[in-house]
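Dear colleague,

Please find the structure below, handed over for your files.

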Amino acid sequence: MAVKKFVVGNFDDEAVLFPAVKKVRRAGYKIHDVFTPFPIHGLDHAMGLRDTSLHTAGFIYGITGTATAVGFITWALTVDWQINFGGKPFFSLPAWIPVTFELTVLFAAVGMVLTFCYLCQLAPFVKKDHFNPRSTDDTFVMALECTDKTSEAEAMSFLETVGAKEVKIEYKETEWWIGRYDKDVKLFHKEN
Amino acid sequence: MALLRYESQVRSPLVDGTKDYHQVTEDICRPVEANPSKLWWVGFLISVGLLIFGIVSVTMEVMYGTGQWNLNKTIGWGWDITNFVWWVGIGHAGTLISAILLLFRQGWRTGVNRAAEAMTIFAVMCAGQFPIWHMGRVWNAFFVLPYPNTRGPLWVNFNSPLLWDVFAISTYFTVSLLFWYSGLLPDLATLRDRAKVKWRKHFYGVAAFGWTGSTKHWQRHEALSLVLAGLSTPLVLSVHTIVSFDFATSVVPGWHTTIFPPYFVAGAIFSGFAMVQTLLVVTRKVLALEDYITMEHIEVMNKVIVLTGSIVGIAYLTELFMAWYSAVSYEEFAFFENRLNLDSPYGWSYWLMMGCNVLSPQIFWFRKMRRNLFVTFFMSILVNIGMWFERFVIIVTSVYRDYLPSAWSTYYTPSIWEIGFYMGTFGLFFTCYFLFSKFFPVIALAEIKHILKKNGENFKNNMGEVEEESTEEFGHKHGHDHGA
């Protein structure tokens with residue numbers, strides 16, 4: 001297993017973190033990830049992450065639920081076993097709306113949560129590394145990935161100049177659980 | 001701090017006191033990390049005692065049938081379904097707070113949503129017990145599911161409101177659970193990272209699913225919460241609508257009315273908020289969380305109570321009007337003789353309901369009363385009693401004197417086992433709530449931190465100076481290059 005080197009900067013204020021992310025990207029460093037105790041709106045765009053498609057997945061799951069409900073009930077009550085309920089038509093769609101609606105919601109919700117867990121690789125007994133345990137408390141942790149060309153000393157002093165309170169070098173084994181978003185990250189465009 | 005939106009200075013802060021992020025973590029994790037107090041043990045053991053009483057009562061019912069409950073030929077639903085509708089109603093506030101108020105961007109929901117959602121889940125668990133054990137031959141309960149069987153296969157009746165209920169309640173329970181737990185993940189991770197004892201590290205390590213707080217995860221988490229909120233909003237309205245269909249689609253005078261869906265939903269929110277008040281007025285005191293569940297929160301919820309209580313009141317009056325206007329003698333008899341007439345055998349329950357649900361909440365038109373904890377607590381109990389009697393009135397007074405006078409059965413009195421079953425669900429509910437308040441953070445940590453700089457007392461005062469650049473604008477200016 002390869003070992004990767006990271007320069008980790010700890011920030012104590014998201015107001016400092018924001019411009020720091022901007023400057024770090026402009027300087028050409030590669031941000032491995034930023035760990036924050038709560039969601040910070042716009043940070044994903046600032047980091048150049050693409051939007052999530054989780055909504056689309058949810059829509060597809062929902063449609064699947066609708067189709068399952070309508071299809072199954074239609075088959076069960078009009079084809080497989082017709083029952084005369086008070087002389088009403090076998091195909092009585094309005095009476096099936098409640099079950100159809102519930103299954104739509106159920107499929108969408110369950111599917112989305114499972115997809116969310118899959119994409120983020122979250123499950124019971126999964127252990128991941130997030131560099132600083134305080135990052136779930138009050139610290140905003142920015143991890144820069146070092147390549148052969150990166151000078152650690154330069155990166156460290158750069159992080160300090162943009163406002164990091166504490167900077168250190170950490171070595172992590174490259175397993176899937178450190179997470180890699182290489183494909184997600186868009187390079188910073190000068191014209192912006 | 002860059003702000004998403006400007007928060008008016010006129011509004012009171014949602015987090016009192018001088019706090020930074022770490023202080024928030026400390027305050028909310030303290031009750032979880034401390035040893036349980038004596039008071040906690042007393043409450044917990046009483047709840048477990050009630051739960052055991054409930055289990056004994058249910059055992060009696062399973063052994064001897066629903067006759068143990070003194071149900072009779074006309075009153076087949078009695079306390080049992082009354083309790084079912086009551087608990088389901090209570091289970092509506094949590095999702096309303098977490099979903100609908102999220103869509104409406106109500107910042108105050110962050111203080112109360114976690115506990116309210118937990119309450120929802122426990123209330124729905126209690127509600128589910130009643131129709132299941134009411135089946136009598138409970139070992140056949142799986143008959144309600146459409147599974148391939150050897151009887152044909154004979155499918156369930158998808159045209160029946162009772163089957164819609166099965167789908168509505170089970171979907172509601174599942175989705176509420178997912179919504180609640182996915183919101184809990186970051187907070188469980190905080191507890192995991194703070195844990196010093198081995199079992200705690202392990203327990204919260206497993207429970208937190210390996211949450212790290214990565215920006216990408218937060219981005220997906222936000223998307224997930226928003227879509228789940230969007231799904232839960234119609235869901236929460238659909239659930240009590242479908243419960244009301246159990247009655248509204250019948251041809252029994254007193255049940256056969258089209259006003260039931262909105263009237264039931266308003267009543268559900270009404271009783272749900274009352275239960276949230278009952279729990280939180282105590283919880284905030286015992287766990288010393290007054291800075292997070294402030295008087296502001298209590299007042300806002302009291303406003304919801306007076307609004308929904310008045311909607312319910314209008315529904316009652318509409319029902320009476322329609323009974324008269326329909327000129328159907330059976331309808332008139334159900335409303336004016338069986339309910340409104342104080343001298344009729346159950347007239348008292350109708351007036352008790354009117355008093356508790358319609359008249360008493362009007363006290364909340366006064367700000368002083370809305371901000372008085374004793375009044376709030378007392379009113380929350382009164383509303384829950386009133387809402388229980390609403391369901392009792394609907395279920396019992398509509399059927400105890402039906403078309404056939406020889407079948408009239410006045411004075412249906414519940415047996416000790418029927419009461420025991422009801423008490424048992426209180427045991428279940430509070431056992432779960434006590435465990436929840438001990439092992440999980442009762443306030444959404446990450447969400448409080450998210451609003452802290454907008455709505456925290458010490459940040460609010462100097463907000464004019466710190467507002468510089470909106471994060472959204474920043475996001476659009478830098479790196480937001482879709483389609484580029």
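In this predicted model, the C-alpha centres of domain 1 and domain 2 of chain A lie 44 Å apart. Domain 1 of chain A comprises 3–52 + 127–178, and domain 2 of chain A spans 54–119; such bounds come from an automatic or database domain assignment.

Residues are numbered from 1 along each chain as its sequence is written, while chains are lettered from A and ligands numbered from 1 in the order in which they are written. As the model is predicted, local features need pLDDT of at least 70 and side-chain atom pairs count only at pLDDT 80 or more, whereas totals for chains, interfaces and linings use all residues.

Chain A contains five helices and four strands (DSSP runs numbered from the N terminus: helices are H or I of at least four residues, strands are E of at least two). Along the sequence their order is β-α-β-α-α-α-β-α-β.

Within chain A, the axes of helix 3 and helix 4 come within 7 Å and cross at roughly 145° (axes are lines fitted to C-alpha atoms over the stretch in contact, and angles run from 0 to 180 degrees between N-to-C directions). The residues of this contact between helix 3 and helix 4 of chain A divide into 13 nonpolar, ten polar and no charged (Ala, Val, Leu, Ile, Met, Phe, Trp, Tyr, Cys and Pro count as nonpolar, Asp, Glu, Lys and Arg as charged, and the others, Gly among them, as polar).

The contact between the chains takes 69 residues from chain A and 62 residues from chain B (two residues are in contact if their C-beta atoms, placed from the backbone, lie within 7 Å). Helix 4 of chain A gives the largest share of chain A's side, 15 residues. By class, that side of chain A has 42 nonpolar, 15 polar and twelve charged residues.

In chain B, helix 4 (residues 93–103) is mostly covered, with nine of its eleven residues buried. Among the elements covering those buried residues are helix 5 (109–134) and helix 6 (161–194) of chain B. After helix 4 of chain B comes B:Arg105, with a positive phi near 55°.

Yours sincerely

Notes
Buried ≥ 20, exposed ≤ 12 C-beta atoms within 10 Å, placed from the backbone.
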